[in-house]
Amino acid sequence: MERERCEKLGLIRASTYLYLQPDITAPGVAILAAWTGNDSRISLEGKPVSQFNVISGTSMAAPHVTAVASLIKSQHPTWGPSAIRSAIMTTG
Amino acid sequence: MFNNDSFTVPFAATQTNNDKGLITTETGAAGTPYDTGAGELSTTASMQPGLVYETTAIDYLNFLCYYGYNITTIKTISKALPENFTCPADSKLDLISTINYPSIGISGFKGNENKTVNRTVTNVGGDGVAVYTVSVETPPGFNIQVNPEKLQFTKDGEKLTYQVIVSAAASLKQDVFGALTWSNGKYKVRSPIVISNQSSSTK
């Protein structure tokens, strides 16, 4: 089984900047995601061009967190951004 | 190894991947909070966290002060400044750890000293009365004291403040990691702790 790997959300740790570091991790490797329906490189011969692709990156991790944030907000409409962020971090 | 000043357990790696192994970096080395942050997000537990750390606008303005910006620069970043807002007199980078954030990052730790940060949590468990007890994952060589060790809430929305005192006799050779977790049997509220001897930005 392929080991799950995650992309860091937020700041990429390319720099060693001490005061800003990732807050949370979300799935970002080999994520099935919507794709342009125009990319003939990923189409199979004789088949319609795929509208989905398997992609990696923080652009795949970020929507996971956005979705969780929206779910939290829908359950707790009065919560501000810091409470939502705290809920995500302290239960990680 | 137990410390008789507070609840402590030997530092345990609690961040695991779906194969029940440690989360690792792409090189295969064990991941640290610098890689994973607070860990991998939970879609279910995050809906009911029990307690939340609320970070205020003043906290964020103070962050800019501690980072080194003066009030003129801050006004270009944040046009809506509270009237009479001024930067704290002793603003410096290491004070960033004092902002009410769900994680605790202590910088500029020189060794043979102690550093204290405060944190304020809001009771959002929905049960009104709630009693939370802290347990600490302490890096070897350190002592982490949390006061008080029990938070007793009597109503929803109530805020309580606790202190974290980090001390060590020796100086740090490399950044170390720990965590503190408030639990009441129903909810667990975990904050990663990072202690570093660095105190200026490196790029």
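**Exercise 1. A salt bridge in chain B**

Task: In this predicted model, is Asp127(B) buried, partly exposed or exposed, and which residue forms a salt bridge with Asp127(B)?

Solution. 
- Step 1: Start with the accessibility of Asp127(B). Its relative accessible area is 44%. Since exposed requires over 50% and buried under 20%, Asp127(B) counts as partly exposed.
- Step 2: Look for the partner. Asp127(B) forms a salt bridge with Lys186(B), and the closest N and O atoms are 2.9 Å apart.
- Step 3: Asp127(B) sits in the loop between β4 and β5 of chain B, while Lys186(B) sits in the loop between β9 and β10, so the pair links parts of the chain that are 59 residues apart.
- Step 4: Check the partner's accessibility. Lys186(B) has 51% relative accessibility and counts as exposed, because the cut-off for that class is over 50%.

**Exercise 2. Two further salt bridges**

Task: Which class of accessibility does each residue have in the pairs Glu54(B)–Lys159(B) and Asp39(A)–Arg41(A)?

Solution. 
- Step 1: Take the chain B pair. The side chains of Glu54(B) and Lys159(B) meet in a salt bridge at 2.5 Å, N to O. Glu54(B) lies in the loop between β2 and α2 of chain B and Lys159(B) in strand β8, 105 residues apart.
- Step 2: Classify these two. Glu54(B) is partly exposed at 28%, and Lys159(B) is partly exposed at 46%.
- Step 3: Turn to chain A. Asp39(A) and Arg41(A) meet through their side chains in a salt bridge at 2.8 Å, N to O.
- Step 4: Classify this pair too. Asp39(A) is buried, with a relative accessible area of 9%, whereas Arg41(A) is exposed at 70%.
- Step 5: Over all chains, the count comes to four salt bridges.

**Exercise 3. The contact between the chains**

Task: How many salt bridges and how many residue pairs in polar contact does the interface of chain A and chain B have?

Solution. 
- Step 1: Count the residues. 37 residues of chain A are in contact with 48 residues of chain B.
- Step 2: Look at the area. The two chains bury about 3,600 Å² between them, 57% of it on carbon and sulfur atoms.
- Step 3: Count the interactions. The interface has zero salt bridges, and 12 residue pairs are in polar contact, both residues at pLDDT 80 or more.
- Step 4: See what chain A supplies. β1, β2, α1 and α2 of chain A each give at least two residues, and α2(A) gives the most, with eight.
- Step 5: Sort by class. The side of chain A that touches chain B has 19 nonpolar, 11 polar and seven charged residues.

Conventions:
Residues numbered from 1 in each chain as written. Chains lettered and ligands numbered in written order. Heavy atoms only, no water. Contact = heavy atoms within 4.5 Å. Buried area = accessible area lost by both parts, 1.4 Å probe. Polar contact = N/O pair within 3.5 Å; in protein donor to acceptor, adjacent residues only side chain to side chain. Helix = DSSP H or I, 4+ residues; strand = E, 2+ residues; numbered from the N terminus. Nonpolar A, V, L, I, M, F, W, Y, C, P; charged D, E, K, R; others polar. Buried < 20%, exposed > 50% of the residue type's maximum accessible area, 1.4 Å probe, protein only.
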